[in-house]
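Please open the model in your viewer and keep the selection panel at hand.

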Amino acid sequence: MKLFFEDFKKYRYFLLQLVKKEIKLKYRSSYLGVIWTLLEPLLTMLVLTAVFTKLFSRNAVDDYPVYILTGRLMFSFFSQSTTQALKSVRNHSGMIKKVYVPKYMYPAASVLSNYIMFLISLIVLAIVIIVRGIRPTFYIFQAIIPLVTVLIFSLGVGMLLSTVAVFFRDLEYLWGVATMIVMYASAIFYNVESVSTKANEWMFRFNPVYAVITNFRAAIFGRPMDGFLAWYSAGVALASLALGAIVFSKNQDKFILHL
Amino acid sequence: MSETVLTVDNVSVKYRLTEQKVDNLKEYIIRFLKHQLNYKEFLALDGVSFTVEKGDRLAILGSNGAGKSTLLKVVAGVLKASEGEISHEGNIVPLLELGAGFDPQYSGAENIFLYGSMLGYSKDFIQSKFDEIVEFADLGQFINVPVKNYSSGMRARLGFSIATIVEPDILILDEVLSVGDAAFKKKSEKKIMDMFDKGTTVLFVSHNEDQVKKLCTKGIVLDHGKMIYSGSAEEALNKYLKK
């Protein structure tokens, strides 16, 4: 454990460099650069709002554009950070084979760089909230809980995925399908009350991504959080981090033989 | 002058050689069900022990596939030994395949920070040495060009310049005494010689007899993963040549 902290201290600048690199390279050859972090969710929000209010009848209780944006921002952070973390060890195989650094820094950098972009993209949410005339209440401070929970959860899942992906390359495709299922089960563009029945209630109740989205929305729209979902998602997040860390550290010495 | 800086104690490295690399789930399950998951075990290093004292310059000799590079990787900490222990004091600088950690889309200047941080240097340290690195690599305006457009010699020059910016306690050399063109070769050789003169401990893999004779004080000979000789450089060279 002491060794872990010493190592972290020595290589924390490397972690920073990795995070910087992922953000920099993502927008390197685009004209608008980092503005895309704001523009992209805004555009998808407009498309989804148009589709679901003009084509389908909507029955959301909350303000629909804000409802979509909260769900989508959080979900896309989760899916993008875990997908990138999954590939991170493989993508850095050149480094891993040549120089010693603590290997968990690769998936951690993927998740952290996405988290920073996610936080930046919350600016667009703030703007939409103001434009739509929603008055934030004191409950807005509760948003910190789902925001931290989703980070811990993504770190855990990312470490787990990056380990397994070293041994099985097809995980990348499986995870693409899995995130799609999570998306449809997270009530991003529909209202849960309108679709939930006794038979599918569990799907929302035990989906940690749905839990963080719901509590995030509660904070934005000025409602108290759902206590069960808050505790449950925090528990799942910590458990996934523990599991991810254990699986990763148990297998990391074997990575080099499989890359 | 008898301070031990590196101890390699009974180190073995076991590789699993599959006949076909199974790296997807489908194939793994099929082979698992058919009981075809056979691995051949292969000992790249087999119970190697030696110690290096401060200021020693150790030649590691052996024919191709004898385990020299594996040994260097274990010492550098990239590869974990299956059995045995390694302990060292001070910082190790491996000059193995220079520039392997570069990001091709990053410019030379950006890679100095990336690669430097990877070697465990702090931001302030890299910043203070930045000009020195740029000057030594002598890449001119190419320092702001993505590394993917570099020639292999330019890459190696930049890698060498970054890696040798610290004064290492233990230097690992894998036949990279000469990189780049004639002028840079001279410069890099001089830099390494300066380190030698300062009493840096060196692990040196080479097939070049003259270099070993000239530079090394001690030698070990590896053969199929086993250490068959450990002693003076000259004797090691004789053993290696006779074999």
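Select chain B: of its 243 residues, 47% are buried, where buried stands for under 20% relative accessible area, exposed for over 50% and partly exposed for what lies in between (1.4 Å probe, protein chains only). This is a predicted model, in which local features need pLDDT of at least 70 and side-chain atom pairs count only at pLDDT 80 or more, while totals for chains, interfaces and linings use all residues. Residues are numbered from 1 along each chain as its sequence is written, chains are lettered from A and ligands numbered from 1 in the order in which they are written, and side-chain values use heavy atoms, with hydrogens and water left out.

Among contacts in chain B with a separation of 6 or more, 73% are between residues 24 or more positions apart, a contact being heavy atoms within 4.5 Å.

Now pick helix 2 of chain B, which is largely enclosed by the rest of the structure because seven of its nine residues are buried. Those to highlight are B:Lys68, B:Thr70, B:Leu71, B:Leu72, B:Val74, B:Val75 and B:Ala76. Just after this helix, stop at B:Gly77, whose phi is positive at about 90°.

Show chain A as well, and select the interface, where 32 residues of chain B are in contact with 28 residues of chain A. About 2,800 Å² is buried between the two chains, with carbon and sulfur atoms giving 62% of it; buried area here is the accessible area (1.4 Å probe) that two parts lose on being put together, summed over both. On the chain B side, B:Val78, B:Tyr106 and B:Met118 lose the most area to chain A, together 23% of what that side buries.

One to display is that of B:Glu110 with A:Lys24, whose closest N and O atoms are 2.8 Å apart. Helix 3 of chain B, with five residues, gives the most to the side of chain B that touches chain A.

Move to A:Lys21, which lies in helix 1 (residues 2-26) of chain A. Is this residue buried or exposed? A:Lys21 counts as buried, because its relative accessibility is 6%. Its side chain makes a polar contact with the side chain of B:Asp103 (2.7 Å), a term for a pair of N or O atoms within 3.5 Å in which, within protein, one must be able to donate a hydrogen and the other to accept it, and residues adjacent in sequence count only if both atoms are side-chain atoms. Leaving aside neighbours within four places in sequence, A:Lys21 is in contact with A:His92, B:Asp103, B:Tyr106 and B:Leu114.

Finally, select the largest nonpolar core, of 75 residues, in which A:Phe14, B:Leu95 and B:Leu158 have the most contacts; such a core is a set of buried Ala, Val, Leu, Ile, Met, Phe, Trp, Tyr and Cys residues joined through side-chain atoms within 4.5 Å. Helix 1 of chain A gives the most to this core, with eight residues.

Methods
Salt bridge = Lys/Arg side-chain N within 4 Å of Asp/Glu carboxyl O. Helix = DSSP H or I, 4+ residues; strand = E, 2+ residues; numbered from the N terminus.
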